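Biologist: I am new to this structure and would like to learn how to read it. Could you take me through it feature by feature, giving the general idea before the case at hand?

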Amino acid sequence: MLDLTPREICERKALRINPLKTCQPVGALYAALGVRRCMPHSHGSQGCVSYHRTFLTRHFKEPAVASSSSFTEGASVFGGGANLRASVKNIFDVYDPDVIAVHTTCLSETIGDDLNSYILEMEIPEGKLVVHCNTPSYVGSHVTGFASMVAGFVRYLADAGSPADGRVAVFPGFLNPGDLREYKRLLGLAGLPFIMLPDQTGVMDGPMTGSYEMFPEGGTTVDEIRALGGAREALAMGEFASTEPALALKGKCGVEARVMPLPIGVRATDGFVAALSGISGRPVPRELEEERGRLVDLMLDANPYYYGKRCSVFGDPDTVLGITSLALELGMVPVHVVTGTPGEAFERKARALLEPFGALEGARVKAAGDLFDLHQWIKNDGTDLLIGTSYGKQIAKAEDLPFVRAGFPVLDRYGHSYRPIIGYRGGLALATDIADAIMDRIDRDCADEDLEVVM
Ligand code: SF4
């Protein structure tokens, strides 16, 4: 399929080939699904929202509900205010959510629809809420849209007058429900009461019950979002996905925030666990020390297979930085580190990870890159392993490379959204996948007499 990708690299500025990101509303929709009884609403044409819903459903294998302002030619010319008013009325009448979370689309942004004014002027039933964020897809990525929607909830709903009740605000980053469950377990072990926003557990990883619930019993409640204003501190996990909501909370309610990397790999998880211990004033639980020890044990056991392997890591910025960190700890050499999301900070942070390991020289690091870049680099530099989203599949096939799926989206396999990659447990799972992929390749390529059962 990608056999014709040329080796020769030409500088490109305005053209993306085989993008490594999707549009902002996908992230905004996912964020809104993490609020209880919330209807995500796409202010634009129906085609946009059907793409966004499909994208999320393919990754999570769960229905992603959302409504649309259903723009037609008239709205494109005269603005979408009337469409939004009619939509909000119909959604509350028919589906009865507690909140409607509106995000914009390219079309409504280009028209210049003023969502603030529309929402201020519209009739909203008593006890119901409408919030919004702007998500123009000609800038940023789905990660930007996610951050903007979470920040939108904070700006609209967090209450500076909430009493301080000792809870910690946790902005978990753009992760799977499996990761969010792992966060909760770690916070529980630390004995820290918390409010997590958003929280898609129970919504995008709901159990099969035989009946359909449009609004399952998962998600952060409106009362919890209000109470964020009284949080003792905020932990903003993942700079790209969580800085904006952390700044919004500080700006509106004065809650101080620590922006931290996603806890992927030993060092980043140590940092998160230490932060929890510092806030709670309790020592790190023995259970976590043992989990850490098991991960380190695996890293040592399988070191001969990891050591010196060149890998290419791609996907969302916070996730890629986390996986790069883990790969370095395993003794691997990340030679290609790329995200489709723009942001110079990504390149700076990736280089800062690589440098202490002596892995900077010869490495290619890029924000706002694409999979065509990655494929060309691989043709020129070679690599031993791909680690990233399902969209690396064609490159893996064209170049006959082992491939570990991780991050968002994983469209062509099952179970990934249930399984964490954060924390020591997540590190153990990811390190196991990496070792398996490397060893499967050795088994595939070795002579019959070298095919060992005991390694
Ligand atoms: S028009 Fe914009 S918002 Fe709609 S699907 Fe395309 S990129 Fe996304």
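Modeller: Let us start with strands: helices (H or I, at least four residues) and strands (E, at least two) are DSSP runs, numbered from the N terminus, and two strands pair if DSSP finds at least two bridges between them. Strands of a sheet pair through backbone hydrogen bonds, either parallel or antiparallel. In this structure, strand β5 (residues 168-171) and β6 run parallel and are joined by three bridges, and Val170 has Met196 as its bridge partner in β6.

Biologist: Before we go on, what kind of model is this, and how are the residues numbered?

Modeller: This is a predicted model, in which local features need pLDDT of at least 70 and side-chain atom pairs count only at pLDDT 80 or more, while totals for chains, interfaces and linings use all residues. Residues are numbered from 1 along each chain as its sequence is written.

Biologist: How should I judge whether a residue of β3 is buried or exposed?

Modeller: A residue is buried if 20 or more other C-beta atoms lie within 10 Å of its own, exposed if 12 or fewer, and partly exposed in between, with C-beta atoms placed from the backbone. Strand β3 (residues 99-104) is mostly covered, six of its six residues being buried: Val99, Ala101 and His103 lie on one side, and Ile100, Val102 and Thr104 on the other. Strand β1 (residues 38-43) pairs with β3 in the parallel sense over six bridges, with Ala101 as the bridge partner of Pro40. Strand β4 (residues 129-133) also pairs with β3 in the parallel sense, over five bridges, and there Val99 stands opposite Leu129.

Biologist: Where is Met1, and which residues does Met1 touch?

Modeller: Met1 is found in the segment before α1 and is exposed, with 9 other C-beta atoms within 10 Å. Not counting residues up to four places away in sequence, Met1 touches Gln394, Lys397 and Ala398.

Biologist: Finally, which domains are there, and how many residues does each side give to the contact of domain 1 with domain 2?

Modeller: Domain bounds come from an automatic or database domain assignment, which here divides the protein chain into domain 1 (24-157), domain 2 (168-286) and domain 3 (303-450). The C-alpha centres of domain 1 and domain 2 lie 23 Å apart, and their contact takes 26 residues from domain 1 and 27 residues from domain 2. On the side of domain 1 that touches domain 2, α1 (24-32) and α7 (142-157) each supply at least two residues, and α7 gives the most, with 10 residues.

Conventions
Contact = placed C-beta atoms within 7 Å.
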